[in-house]
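Trainee: Could you take me closely through one part of this structure, the salt bridges, and say where the charged partners sit?

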Amino acid sequence: MKKLLLLSMLTALVGFATPLFAADPPAAPAAPAAPAAPAAPKLKDPSVEERLADLEAYVGNGARGNVANTNLATKIGGPGPGHNAFQMVSAALVLFMTLPGLALFYGGLVRKKNVLSVMAQCLGIAGLVTILWWLCGYSMAFHSGSPFFGNFDWKFLRGVDSNPNTDYGAWVSHNVYSMYQLMFAIITPALIVGAIAERMKFSAILLFVALWMFVVYFPLAHMVWGVDGYMNGVWNADAKIKAIDFAGGTVVHMSSGWSALILCLILGKRMGFGKESMSPHSMTMCMIGTGMLWVGWYGFNAGSAVAADNVAANAFTTTTIATAVASFVWPMAEWLFRGKPSILGFCSGAVAGLVVITPACGFVDVSGSVIIGICAGLVPFFACWKLKSWLGYDDALDTFGVHAIGGTMGALLTGFLATANSSNSNIVSNLADVGGKLELANPATKNGLAKLVANGGLWVEQVKAIGVTLVLAVVGTVIIAYVVKAVIGLRPTEEVESLGLDLGEHGEEGYHS
């Protein structure tokens with residue numbers, strides 16, 4: 001039996017192997033050979049000097065050598081670790097501003113029956129905006145396309161990988177930059193919550209924010225910061241309005257502040273407004289939130305340099321000075337006009353200083369930041385104290401007085417105070433030795449900004465940008481608010497509002513006693 005099995009296996013093996021050793025059939029006539037494709041040119045290995053230039057570019061946040069010379073290889077591929085780490089930390093700090101900074105700041109200012117509703121709104125907006133950003137928001141805001149919005153080539157963040165996109169940063173990963181900008185997109189609509197706190201349905205807020213991002217935020221971010229944006233005076237030589245906004249005076253604060261005013265007017269006043277006490281339930285919580293906002297704002301402002309360089313250092317310094325000055329001036333004005341300096345005054349002054357310095361922090365020097373701090377401590381103070389009572393609107397947490405008034409003033413003051421002495425290479429200070437002579441190497445100077453700064457005409461461009469932002473925010477908010485009102489309604493029932501949004505909409509309480 002074993003022999004029979006062995007014979008069968010041997011036969012099968014011979015049958016399998018025979019074709020392998022059989023004579024080849026007659027070959028068919030060979031087809032004429034196709035012409036060989038030209039060989040791709042071989043990239044030139046960089047010399048020691050060129051490699052050193054790459055390293056110097058990394059340290060100075062300049063373009064690497066193989067960007068200017070496409071025939072040159074590079075020994076430094078991908079992002080620069082130092083700048084990339086700085087940008088990731090900055091992104092985390094900006095998120096820290098919203099969660100938990102803004103949630104605690106706003107949460108402390110509302111009545112205790114609504115504290116969780118504000119926190120739920122901040123969390124809900126963070127999740128919703130992130131989904132929209134992944135879907136197509138980042139592509140609409142930052143891809144090249146038209147002067148008013150980008151295209152959809154980066155939908156679902158396709159193509160947004162760990163290599164730098166040199167339109168926005170020579171040494172920072174594109175996906176890190178997109179996450180950094182996402183944090184701005186999260187906090188901007190969250191700021192609106194302050195004006196309509198305690199009286200807008202959670203579902204209505206989410207629908208409003210979803211529509212507002214497409215109508216207001218994505219187009220405005222592209223116009224101001226997109227590489228071919230309509231108002232990007234720093235990087236777009238063809239910009240129709242050559243305005244400057246370092247970290248979001250128009251994009252973040254003006255858009256949210258003016259939208260907040262319109263929305264609170266359409267929504268109407270809180271039940272009992274002017275008849276019962278609506279004092280903050282926890283100034284302790286508000287103070288903690290203020291501190292977190294101040295710390296997180298360094299990521300907001302210094303991080304907008306998109307590198308750990310001299311521009312970031314200048315923004316860090318001017319942010320500190322302006323904020324400290326405003327946080328002192330506001331309560332001193334309170335003390336003078338109202339008899340006592342309040343903790344709310346210190347907190348409001350700090351936030352106002354942060355808001356007003358935001359568009360200017362990379363473009364002004366320290367003296368300019370002191371001027372901004374004084375203005376930030378006085379003008380929003382009077383807006384929140386007098387203007388609000390004169391006009392009678394119910395801006396619950398003073399979003400309009402601080403962010404709309406402050407953001408608008410900051411954008412305008414940037415036009416007057418921007419200086420070549422700010423250490424900002426985005427204006428005039430970056431010089432390159434080319435062919436033995438010094439030439440201005442920064443695109444901003446070639447766009448005419450240096451002349452505007454020197455001749456004092458920049459404020460005109462700033463006024464134009466303010467006008468465009470104001471119209472877009474106001475008109476967009478009016479349309480969206482009435483659409484949401486018609487579809488699902490804006491306000492909760494009187495019973496829910498009286499009970500409190502914490503229990504009425506979320507089934508929870510912030511405090512148990």
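Mentor: R270 is buried, with a relative accessible area of 9%, where buried means under 20% relative accessible area, exposed over 50%, and partly exposed in between (1.4 Å probe, protein chains only). This is a predicted model, in which local features need pLDDT of at least 70 and side-chain atom pairs count only at pLDDT 80 or more, while totals for chains, interfaces and linings use all residues. Residues are numbered from 1 along each chain as its sequence is written, and side-chain values use heavy atoms, with hydrogens and water left out.

The side chain of R270 forms a salt bridge with that of E198, at 2.7 Å from N to O; the term stands for a side-chain nitrogen of Lys or Arg within 4 Å of a carboxyl oxygen of Asp or Glu. This pair links distant parts of the chain, 72 residues apart, since R270 lies in the loop between helix 8 (249-267) and helix 9 (283-301), and E198 in the loop between helix 6 (174-192) and helix 7 (202-225); helices are DSSP runs of H or I with at least four residues, numbered from the N terminus. E198 is buried as well, at 2% relative accessibility, and both residues belong to a network of salt bridges that also includes R111, R199, E276 and D394.

The structure holds 8 salt bridges, among them the one between E461 and K464, at 3.2 Å from N to O.

Key:
Helix = DSSP H or I, 4+ residues; strand = E, 2+ residues; numbered from the N terminus.
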